[in-house]
Amino acid sequence: SSGINAEYGEKAKESRKWEIYLDDGSRVFADVIVSGAGLLHKPKVAKFSDADKFKGVTFHTNQWNHDCGLKGKKVGIIGTGATAVQAIPRVAEMEVEKLVVFQRSPSWIPDRQNYHYPNWAKAMF
């Protein structure tokens with residue numbers, strides 16, 4: 001693994017800040033901790049019959065192959081999850097010859113509820 005990992009954190013009563021102990025022995029202070037644990041950080045590669053017969057380049061978006069230029073190529077993307085929602089438009093901009101998306105089941109995205117909050121309610125936040 002690269003980088004520095006947080007081993008432990010606790011809220012300091014006096015400073016009201018988070019004291020975070022890092023695996024290199026140092027510590028840092030923060031007002032807010034945002035977890036970037038990434039529950040889905042291990043790629044799940046699609047398995048299908050005769051996949052070994054494919055002669056092209058394959059890689060998971062989690063392990064993007066930056067040496068593989070997609071311009072002018074026929075590209076297939078398997079899946080329509082959160083990463084695909086971001087990757088598909090970008091791949092389409094790369095002047096690919098053809099882009100095909102393989103989808104098992106469609107995503108469902110609810111209507112956005114953009115409520116207008118009066119100033120008094122905003123002040124409560």
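Author: Buried means under 20% relative accessible area, exposed means over 50%, and partly exposed lies in between, with a 1.4 Å probe and protein chains only. The model is a predicted one, in which local features need pLDDT of at least 70 and side-chain atom pairs count only at pLDDT 80 or more, while totals for chains, interfaces and linings use all residues. Residues are numbered from 1 along each chain as its sequence is written, and side-chain values use heavy atoms, with hydrogens and water left out.

Reader: Why is E95 called exposed?

Author: The relative accessibility of E95 is 54%. Exposed requires over 50%, so E95 counts as exposed.

Reader: What makes E95 and K71 a salt bridge?

Author: A salt bridge is a side-chain nitrogen of Lys or Arg within 4 Å of a carboxyl oxygen of Asp or Glu. For E95 and K71 the N to O distance is 3.7 Å, and the side chains therefore meet in a salt bridge. This pair links distant parts of the chain, 24 residues apart: E95 is in the loop between α1 and β5 (98-102), and K71 is in the loop between β3 (27-30) and β4. Helices (H or I, at least four residues) and strands (E, at least two) are DSSP runs, numbered from the N terminus. K71, at 60% relative accessibility, also counts as exposed.

Reader: How many salt bridges does a search of the whole structure find?

Author: The search finds five. Among them is the bridge between R27 and E19, at 2.1 Å from N to O.

Reader: Which class does each of R27 and E19 fall into, and why?

Author: R27 has a relative accessible area of 48% and is therefore partly exposed. E19 has 9% relative accessibility, so E19 counts as buried.

Reader: Why is T80 called buried?

Author: The relative accessible area of T80 is 15%; the limit for buried is under 20%, so T80 is buried. T80 lies in the loop between β4 and α1 (82-92). Leaving aside residues up to four places away in sequence, T80 touches V85, V101, Q103, S105 and S107, where contact means heavy atoms within 4.5 Å.

Reader: How do you know that I78 is exposed, and where is I78 found?

Author: I78 has 54% relative accessibility and therefore counts as exposed. I78 is found in strand β4 (residues 74-78).
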